[in-house]
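Please open the model in your viewer and keep a selection tool at hand. The tour goes from one selection to the next and says what is found at each stop.

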Number of protein chains: 2
Amino acid sequence: MRTRPLKVALLGCGVVGSEVARIMTTHADDLAARIGAPVELAGVAVRRTGKEREGIDPALVTTDATALVKRGDIDVVVEVIGGIEPARTLITTAFEHGASVVSANKALLAQDGAALHAAAGEHGKDLYYEAAVAGAIPLIRPLRESLAGDKVNRVLGIVNGTTNFILDKMDSTGAGYQEALDEATALGYAEADPTADVEGFDAAAKAAILAGIAFHTRVRLDDVYREGMAEVTAADFRSAKEMGCTIKLLAICERSKDGSSVTARVHPAMIPLTHPLASVRGAYNAVFVESDAAGQLMFYGPGAGGSPTASAVLGDLVAVCRNRLNGATGPGESAYADLTVSPMGDVVTRYHISLDVADKPGVLAQVATVFAEHGVSIDTVRQQGKDGEASLVVVTHRASDASLTGTVEALRKLDTVRGVASIMRVEGE
Amino acid sequence: MRTRPLKVALLGCGVVGSEVARIMTTHADDLAARIGAPVELAGVAVRRTGKEREGIDPALVTTDATALVKRGDIDVVVEVIGGIEPARTLITTAFEHGASVVSANKALLAQDGAALHAAAGEHGKDLYYEAAVAGAIPLIRPLRESLAGDKVNRVLGIVNGTTNFILDKMDSTGAGYQEALDEATALGYAEADPTADVEGFDAAAKAAILAGIAFHTRVRLDDVYREGMAEVTAADFRSAKEMGCTIKLLAICERSKDGSSVTARVHPAMIPLTHPLASVRGAYNAVFVESDAAGQLMFYGPGAGGSPTASAVLGDLVAVCRNRLNGATGPGESAYADLTVSPMGDVVTRYHISLDVADKPGVLAQVATVFAEHGVSIDTVRQQGKDGEASLVVVTHRASDASLTGTVEALRKLDTVRGVASIMRVEGE
């Protein structure tokens, strides 16, 4: 074994960073044996010094992250600050000064992955980021390496623990959205400002990263259709139950039937209770991957939290250190397929639509005509009347999102349609 | 991209090999883009020539596998023959003549993994074998790389599709073992001689491989305790249901509480219906991994079959080819921890025991005394009497296998115990 240690700079020492530092210290011998050389924490960049950080030598702590990544003797920079800046500049500077990078930064990777990969490649360095998607669950490495000889057609998953906790709570207790969100906040599963989670921004960043790797095609954050879950109601869950379904916020990356284009989207959707994703409870994550040869694979585990995220970061750290000792780099960005990324309108799926309609003869015929005119074939209709008002629940066969949107616009114009109570996609069948 | 192709020799052209060859041909462009150089099928060794092999140039086919691996211009040998010899000699010869090796051979890896790794290391070559365990499910790579910075405490899984198909059938239809096995044979899920599957030999080989990688310790096939599933009865399934459980053939690799030793075992066990492994249907495989930092992860997918196994083989092929272009090798054997591999007697778990006893006063007291004398604490007892005979179902708290074995021996000597109808371990709680 080499005795001269590999030097690691840690950017950020919050929930994840402090856990990374702790494991690097307590498991130093194991890490050394697995890498083939000791690893040493050479510096820790934080926003404010003065705070006691258990197990970290205060002499290593600095507020000058830029100076740290510019030192020139750093082998690996571990970036767990999050956000776009200063993380982006620090990572680029790290490559320029000879370091490889391990990052947990989904927002940055989704937005600037291509540029960061290019910078890494230019300097012959590694950029690893298993922790950016679904916490401890190995997903980037299986997609990038284990399935490198296969053709992935679909990635379908629950990649945000906060929203899954809320939806699971609504499903199991009948609670409304706000009530479930309040509980998630009280228990620490949701942040004070839950926008990034409940509006699907977090999941969309992960979808962009997963789609890019799965399809060997650059998928920008803007390419990902995004719909949050704040409008999911207790009534939607009752409708879902009647169909033998539950509701999950899903990230779905799909290759088109002819293989020439891909789509990526995040939205709430009904999935059958018999689907393995339906039984993913609480803040857990799970991702289904469908490929030509392997068939259906599922990866399940804790999608967030300090320790699980640190596990993923450290796995990458070991890999990057081994590469350095080998004088090699791991697989970089693979975007050779360069497929068209199609808009949401091209997505083909099934829909569950609840309409409030006038309770009089001929309404169903009118509604059915509108669906037919837009080429959307109806699977089932259920009609429920009360006091001159009625509700109509329509479940369609597979249709394009554009056709469905056109149908709904036309339905809204009918005098007999008082309102469109909800539209939900049906997936996983 | 490099234009000179990497040369691949395929040993074996059965269900898996023919699929590997097919994908190498149909996906040649993708493989080249992902590797950074084209790959070329340079030779295919088979037992008998003359058979038409779709998509394979007959000029490449040979019965002389030894000459093929000795050619000297082969970059990667893909071994999908199975069995110990000639596979072992061919792999060793391949290393000696400059090739890296991808293998799907669980029996060989479990028996001679250490020697093969040593041969690979000596010649600076790669030995990859993702396909040897659980078919297409990425498991070796996640354990060896993704969790390289974590401490794995337990691997618990369904790693044999044939036995899971049979047990699932017994569970869902109430069928007996023979009836379910006959159906599995008729449908092609079980081989004409099902011994390797139903007696747990196949699962034990996989357990040895998984335990070795998970605990960074050599675990020989002989170290794995093995009990088949041929004695599981319809009555056992009824007992399991009464406990809210089902029965699965599990491979379990565990680190002891104090961390100094490990165990590996394969046997049928009851697991709660609420455990994710309980809902693994048909011939699917699923493996739970528990580690310090990541927590509980699960990997699920098709555990066998030509295409899924080929997917795993090709993922390894891409990795090994990339390593060759990099002039590097991937992680080799990691056995530095060198933990004690303890015998089955040291395993601590819970037990479900059915006894046929005389239906007279004092029997329960006698039986309870025997458990107490052996330090095995009873959780629940259920007594059922009929015509002077009675059955007693005892579920214990956690106890060592040695204590339980002692208890059962003593129970058999009691006059009032007519027989021990079944003993089953209870896992996953």
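Begin by selecting A:R382 and A:E242, which form a salt bridge whose closest N and O atoms are 2.8 Å apart; a salt bridge is here a side-chain nitrogen of Lys or Arg within 4 Å of a carboxyl oxygen of Asp or Glu. Before going further, note that this is a predicted model, in which local features need pLDDT of at least 70 and side-chain atom pairs count only at pLDDT 80 or more, while totals for chains, interfaces and linings use all residues. Residues are numbered from 1 along each chain as its sequence is written, chains are lettered from A and ligands numbered from 1 in the order in which they are written, and side-chain values use heavy atoms, with hydrogens and water left out.

**Domains 2 and 3 of chain A**

Next, colour chain A by its domain assignment, which gives domain 1 (6–135 + 306–326), domain 2 (140–302) and domain 3 (347–426); such bounds come from an automatic or database domain assignment. The centres of domain 2 of chain A and domain 3 of chain A, taken over C-alpha atoms, are separated by 26 Å. Contact between them (heavy atoms within 4.5 Å) involves 14 residues of domain 2 of chain A and 10 residues of domain 3 of chain A.

The area buried between domain 2 of chain A and domain 3 of chain A is about 1100 Å², with carbon and sulfur atoms giving 58% of it; buried area is the accessible area (1.4 Å probe) that two parts lose on being put together, summed over both.

The side of domain 2 of chain A that touches domain 3 of chain A receives at least two residues each from helix 11 (234–242) and strand 10 (261–272) of chain A, where helices (H or I, at least four residues) and strands (E, at least two) are DSSP runs numbered from the N terminus. Strand 10 of chain A contributes the largest share of that side, six residues.

**The sheet of chain A**

Now show the strands of chain A, six of which form an open sheet in the order 3-2-1-4-5-6 with parallel pairing; two strands pair if DSSP finds at least two bridges between them. At the edges are strand 3 (61–62) and strand 6 (127–128) of chain A, each of which pairs on one side only. Zoom in on strand 5 (residues 100–103) of chain A, which runs parallel to strand 6 of chain A and is joined to that strand by two bridges. A:V101 has A:L127 in strand 6 of chain A as its bridge partner.

**Between the two chains**

Display both chains and select the residues in contact, 44 from chain B and 44 from chain A. Chain B and chain A bury about 3800 Å² between them, 55% of it on carbon and sulfur atoms. Within chain B, B:R34, B:Y300 and B:Y336 lose the most area to chain A, together 16% of what that side buries.

Which residue forms a salt bridge with B:R141? The partner is A:E145, with the closest N and O atoms 3.7 Å apart. B:R141 lies in helix 6 of chain B and A:E145 in helix 6 (residues 140–146) of chain A, so the pair joins two chains. Two salt bridges are found across the interface of chain B and chain A.

The elements giving two or more residues to the side of chain B that touches chain A are helix 2 (28–35), helix 6 (140–146), strand 12 (295–302) and helix 12 (306–326) of chain B. Helix 12 of chain B gives the most to that side, with eight residues.

For the last stop, select strand 12 (residues 295–302) of chain A together with strand 12 of chain B: these run antiparallel and are joined by three bridges. In this pairing, A:Y300 stands opposite B:M298 of strand 12 of chain B.
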